[in-house]
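I am opening a notebook on a structure that is new to me, and I will write down what I looked up in the order I looked.

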Amino acid sequence: MALHQSGEDYLEAIYILSGRGKTVRSVDVAALLGVTKPSVSRAMSILRAEGYLAGSPEGGLILTELGQTEAQRIYERHEVLTRFLTSLGVSQETAEDDACRIEHVISEESFNRLRDHAYAQIEKERN
């Protein structure tokens, strides 16, 4: 089943938090996204039902292989888009906000071309 923007945001948040090396809890996700615990609870139920998320014995949130793959895809889009926008002179804050919106709607084809272009520019600047 295709994820909605909010589902992608939750997966990305869990991915970011899991990279910090601690058990990811619903309260951590709520704090990062600025949402309520009941909202996180509902989203986690949906993500579990769709196979993106599992629970740990300690009660933490763990991405399944499917969830990890999707979260990495979303996170890469966010990072590339943010870097691309800041390279154009957009402020970091605006670039972050815009990247968060764009990452959910840009086609795979357009993103891949933008990513390739951005990496080519970075490589060109290094030389």
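Predicted model: local features only at pLDDT ≥ 70, side-chain atom pairs only at ≥ 80, totals over all residues.

I then looked up which residues of α1 are buried, and found G7, E8, D9, Y10, L11, E12, A13, I14 and L17. These buried residues pack against the helices α2, α3, α4 (65-87) and α5 (92-102), and also against the strands β1 (53-55) and β2 (61-63).

**Aromatic pair**

How many aromatic pairs does a search of the whole structure find? I noted 1. Because Y15 belongs to helix α1 and Y75 to helix α4, the pair ties together parts that are 60 residues apart in sequence.

**Surface and loops**

On the surface I found a nonpolar patch formed by L32, L33 and V35, which together have about 200 Å² of accessible area. I located V35 in the loop between α2 (26-33) and α3 (37-49), and its relative accessibility of 32% makes V35 partly exposed.

Is P57 buried or exposed? P57 sits in the loop between β1 and β2, and with a relative accessible area of 83% I recorded P57 as exposed. Last, I compared P57 with T82: they are 25 residues apart in sequence, and their C-alpha atoms are 36 Å apart in space.

Notes
Residues numbered from 1 in each chain as written. Heavy atoms only, no water. Patch = residues over 30% accessible without salt bridge, like charges linked within 9 Å, V, L, I, M, F, W, Y side chains within 5 Å. Areas by Shrake-Rupley, 256 points an atom, 1.4 Å probe, with all protein chains shown as cover. Salt bridge = Lys/Arg side-chain N within 4 Å of Asp/Glu carboxyl O. Helix = DSSP H or I, 4+ residues; strand = E, 2+ residues; numbered from the N terminus. Buried < 20%, exposed > 50% of the residue type's maximum accessible area, 1.4 Å probe, protein only. Contact = heavy atoms within 4.5 Å. Phe/Tyr/Trp six-rings, centres within 6.5 Å; stacked < 30°, edge-to-face > 60°.
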